[in-house]
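Here is a walk through one protein model. Keep the sequence and the 3D view side by side as you read.

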Amino acid sequence: MKKRWWGIIFTIVSIFFLTACSASDKSQTVNGTGTGKHGNIKVAVTFKGDSIKDIKVLKQNENKVLSKPVYSQLKDTIVAKNSTGVDVVSGSTATSKGYIAAVNDAVKKAGISLKKVKAKTSTTEPKIAKTNNYDVVVVGSGGGGFAAAIEAKQAGKKVAIIEKMPTVGGNTLISGGEMNAPGNWVQKRLGIKGDSVASYYKDTMKGGDNLGDPAMVHILANNALGSAKWLRDDIHVKFLNDQLFQFGGHSYKRALIPVGHTGQELVTKLNAKAKSLNIPIYVNMRAKSLIKKDGRITGVKAQYQGKRNITFKAKNAVILTTGGFGSNGSVKNLV
Ligand SMILES: Cc1cc2nc3c(=O)[nH]c(=O)nc-3n(C[C@H](O)[C@H](O)[C@H](O)COP(=O)(O)OP(=O)(O)OC[C@H]3O[C@@H](n4cnc5c(N)ncnc54)[C@H](O)[C@@H]3O)c2cc1C
């Protein structure tokens, strides 16, 4: 009799144990949805028991450049910490929030509570030397920074770009990307006659209440068409062939429109060109001050993710393309 009881107890314990084991080891992939900046983000989350093993994006319509670190770095952090209580990627807040919401939705549908794990140190942090030597260091990765870096590289220089944000592109990325170019090929196609460099110069000065530096505005006006052709022919930016935009204060429809009507087309293509030329881009790298020696600027002191001090020496030049519109705010902070 005693033996039988022991047998029953043993069987119950074994079943309980086996069930518990299989529950905690159970693999499942569950879909979740969250709202990003440009609609829903749909993900498939693979769990093993109460741990996230992988997250795949099934459907999304976010900015390609800005969402890249969300679907890579943020994903790695969520998986490493087994938690959705993580910081958003700066500059990509709405996409990050939508992505996190999608993962949370999948967790809820999976009917689990994520196991707490000790935060692992990030494996994605790049190795960067304390001192780096280049001929030219470009600060900022907007349109200006990419153009400067590509030109310097094609002139045979060793070039690097440093960018304070986690992604490249700056305002250029989120802009409409429309580019004023008097006498452009679409004007010809649409039969728009009479536009000229002189007219563009006049409109630009007037639009800026004549506060613009005439020498600089002349450079802008004289080189606008050549720059647009460079973007079209060398960088392979696609502009619409049958439409132009007329900015306020401009006497003619003279702004070329990139496909997609945003700067994403410009930045994606400039980034691809920089990659093909092997120009290193250090993101999360904020220029903090310029190094001066014998009256010359010889480099930049920067900080990686606000904590590691990194020096970039520049034999020939430091080029500041930090945007900031009329105020040149971030340049003022540097010099
Ligand atoms: C919503 C919007 C729409 C627009 N639409 C148009 C348009 O259709 N046509 C047009 O001609 N203009 C437009 N503009 C203006 C245009 O986007 C900017 O004039 C242009 O992009 C500036 O380019 P940039 O390379 O000088 O600067 P940005 O593209 O702003 O790049 C500067 C980069 O420098 C980085 N940076 C700053 N400080 C530091 C530092 N200390 N260390 C490292 N990196 C740093 C920034 O993070 C940024 O990535 C628009 C702007 C906005 C905001």
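The protein's secondary structure comes to 10 helices and 12 strands. Helices (H or I, at least four residues) and strands (E, at least two) are DSSP runs, numbered from the N terminus. This is a predicted model, in which local features need pLDDT of at least 70 and side-chain atom pairs count only at pLDDT 80 or more, while totals for chains, interfaces and linings use all residues. Residue numbers start from 1 along each chain as its sequence is written.

Take the overall figures next. Of the 335 residues in the protein, 33% are buried. A residue is buried if 20 or more other C-beta atoms lie within 10 Å of its own, exposed if 12 or fewer, and partly exposed in between, with C-beta atoms placed from the backbone. Contacts tell about the fold as well. Two residues are in contact if their C-beta atoms, placed from the backbone, lie within 7 Å. Among contacts in the protein with a separation of 6 or more, 63% are between residues 24 or more positions apart.

Now look inside. A nonpolar core is a set of buried Ala, Val, Leu, Ile, Met, Phe, Trp, Tyr and Cys residues joined through C-beta atoms within 7 Å. The largest such core has 48 residues. Val137, Val138, Val139, Ala149, Ile162, Leu256 and Phe312 touch the most other members. Follow Val139. Not counting residues up to four places away in sequence, Val139 touches Ile162, Ala287, Val300, Val318, Ile319, Leu320, Thr321 and Thr322. A second core is separate and has 16 residues, including Phe47, Val70, Leu74 and Ile100.

Turn to a sheet. Three strands form an open sheet in the order β1-β2-β3, with antiparallel pairing. Strands pair if DSSP finds at least two bridges between them. β1 (27–36) and β3 (51–59) are the edge strands, each pairing on one side only. From one strand to the next, the twist averages 25 degrees. Strand β2 (residues 39–48) pairs with β3 in the antiparallel sense over seven bridges. One place to look is Ala44, whose bridge partner in β3 is Lys56. Helix α3 (residues 93–110) packs on the sheet and touches β1, β2 and β3. The direction of α3 makes about 140 degrees with that of β1. Axes are lines fitted to C-alpha atoms, for helices over the stretch in contact, and angles run from 0 to 180 degrees between N-to-C directions.

β10 (285–293) and strand β11 (residues 296–304) run antiparallel, joined by eight bridges. Ser289 stands opposite Lys301 in β11. β10 and β11 form a hairpin with two residues between them. Asp294, in the turn, has a positive phi of about 50 degrees. β11 also pairs with strand β12 (residues 308–320), in the antiparallel sense, over six bridges. Here Gly299 stands opposite Lys313 in β12. The hairpin of β11 and β12 has three residues between the strands, and Gln305 takes a positive phi near 50 degrees.

What surrounds the ligand? There are 26 residues around the ligand, and Gly140, Gly142, Gly170, Gly176 and Gly323 come nearest. A residue counts as near if its C-beta atom, placed from the backbone, lies within 6 Å of the molecule. The elements giving two or more residues to this shell are α4 (143–154), α5 (170–174) and β10. The largest share, four residues, comes from α5. The shell divides into six nonpolar, 16 polar and four charged residues. Ala, Val, Leu, Ile, Met, Phe, Trp, Tyr, Cys and Pro count as nonpolar, Asp, Glu, Lys and Arg as charged, and the others, Gly among them, as polar.

Finally, visit some loops. Asn82 lies in the loop between α2 (64–81) and α3. Asn82 has a positive phi of about 50 degrees although it is not a glycine. Asn82 counts as partly exposed because it has 18 C-beta neighbours inside 10 Å. Asn278 lies in the loop between α9 (264–276) and β9 (281–282). Asn278 is not a glycine either, yet has a positive phi of about 60 degrees. Is Asn278 buried or exposed? With 9 other C-beta atoms within 10 Å, Asn278 is exposed.

Pro182 sits in the loop between β6 (179–180) and α6 (185–190). Pro182 counts as buried because it has 23 C-beta neighbours inside 10 Å. Val197 is 15 residues from Pro182 in sequence and 6.0 Å away in space, C-alpha to C-alpha.
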